[in-house]
Amino acid sequence: MPAYPQFVAPFRAFLEQVPEGGRLIVFCHFDADGLAAGALFGRGLNRINSSWQVEVVPSGKGENAFLTPSAHERLLARKPDALIVTDLGVHAHGTLEGHGVPVLYVDHHIPEGEPPAGGTVLTGYGLDPVPCSAWLAYELLAAEADMTDLQWVAAIGVLSDLGDQAAWHPLAAVKKQYTAKWLKEAVAMCNAARRAGEFDLDRPLRYLLHDDNPRGLAQDEVLAGYRAEVATALAAARKLPPKFPPKGPEAAPVAIVTINSACQIHPLIAQQWISRLSDRVVLCANLGYLPDGMVAISGRAAGNLHIPDLLRAAFARVGATPPANFAHGHPQASGGHLSAADYALLLQGLGY
């Protein structure tokens, strides 16, 4: 019995659009859940049809899957007959539908509208429990082919996004078979790869696509070096104090920590402060992560604060509109990338 019987027919209908010998591109997020979901499709699709040419392409640094034209150009250059987009959200803007490419979205984030005609959405959002992308990818493929030997790949995504107590049925057995230690180390290495300045996603993806257990990934020395680099950057950033807007009627309930690091540590720094500043939205602005003077901003909040609303209101207060790919995500986890000029407007709107 498939875990998600409601998804079997739409998944099969999507696959039926891929011709014999066709090119299937899998576009996945660069975190552990996204890479695991991408690798599961990368390996599982050929178990359904061995003639397909399947390529897994992780998203780029600072890229929005729906609103960054260069991302679409990169995908189109591979001449896909079909595209699977996983762990990158769902958006009314779509990806390659306008180019006549059938697209399947496999995701668990809050959908931002229905994609254009030609897009099929299979989302865990709204299910109970909500499966992460690797969990959902595994179950979709397992309804079509034997995927049991790749449960360890799915477990890396599940542990990364949902933790030890996740309700994915095979998790306990998978932890016993491959040992929880190696699985958790593999999660840490995937996350180190995307957080380090090198942004080297090929290395963890290679293990996920070719190995039969998590140990090689967990013990890779280059990835261990990335992990040490991220730990050093985090230790330095943790010492930096938040700054508050001057008190007054215009001051938003916000605190900003400004850092300058090539590492993707801004979400972790924002997260660390919310327990101490539970009545505020904490923004971490990283001036060193993106090229061309772009500022990477990660917001976290506890309680009932709604970060996208607060960020959009700040722009409105100075008579401006945020860029299209800013202030999305979850009420308690949002942000994006701003030019230096837009960042100055945001600060002004927040009362700094």
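At roughly what angle do the axes of helix 5 and helix 7 cross? In this predicted model, the axes of helix 5 (residues 151-162) and helix 7 (residues 180-195) cross at roughly 70 degrees and come within 9 Å. Angles of 65 to 115 degrees count as roughly perpendicular, so that is the description for helix 5 and helix 7. The crossing of helix 5 past helix 7 is right-handed.

Where the two helices touch, helix 5 brings Trp152, Ala155, Ile156, Leu159 and Ser160, and helix 7 answers with Leu183, Ala186, Val187, Cys190 and Asn191. This contact has 8 nonpolar residues, 2 polar ones and no charged ones.

Ile156 turns up again in the largest nonpolar core, which has 76 residues; Ile156, Leu40 and Phe41 have the most contacts inside it. Helix 2 (residues 32-48) gives this core its largest share, 8 residues. Beyond its neighbours within four places in sequence, Leu40 is in contact with several residues, including Ala134, Tyr138, Met147 and Val153. Another core, of 20 residues, lies apart from the largest one, and Val254, Ile256, Ala301 and Leu310 are among its members.

Now for the backbone. Asp128 and Pro129 are joined by a cis peptide bond, with omega about -5 degrees. Pro129 sits in the loop between strand 5 (119-123) and helix 4 (133-142). Two non-glycine residues with positive phi are set out here:

| Residue | Phi | Relative accessibility |
|---|---|---|
| Asp292 | near 60 degrees | 76%, exposed |
| Ala327 | about 65 degrees | 1%, buried |

Asp292 is in the loop between strand 7 (281-286) and strand 8 (295-301), while Ala327 is in the loop between helix 12 (307-317) and strand 9 (333-338).

Key:
Residues numbered from 1 in each chain as written. Predicted model: local features only at pLDDT ≥ 70, side-chain atom pairs only at ≥ 80, totals over all residues. Heavy atoms only, no water. Core = buried A, V, L, I, M, F, W, Y, C linked by side-chain atoms within 4.5 Å. Buried < 20%, exposed > 50% of the residue type's maximum accessible area, 1.4 Å probe, protein only. Helix = DSSP H or I, 4+ residues; strand = E, 2+ residues; numbered from the N terminus. Contact = heavy atoms within 4.5 Å. Axes fitted to C-alpha atoms, helices over the stretch in contact; angles between N-to-C directions. Parallel < 35°, antiparallel > 145°, perpendicular 65-115°, else oblique. Left-handed = near helix turned anticlockwise from the far one by under 90°. Nonpolar A, V, L, I, M, F, W, Y, C, P; charged D, E, K, R; others polar.
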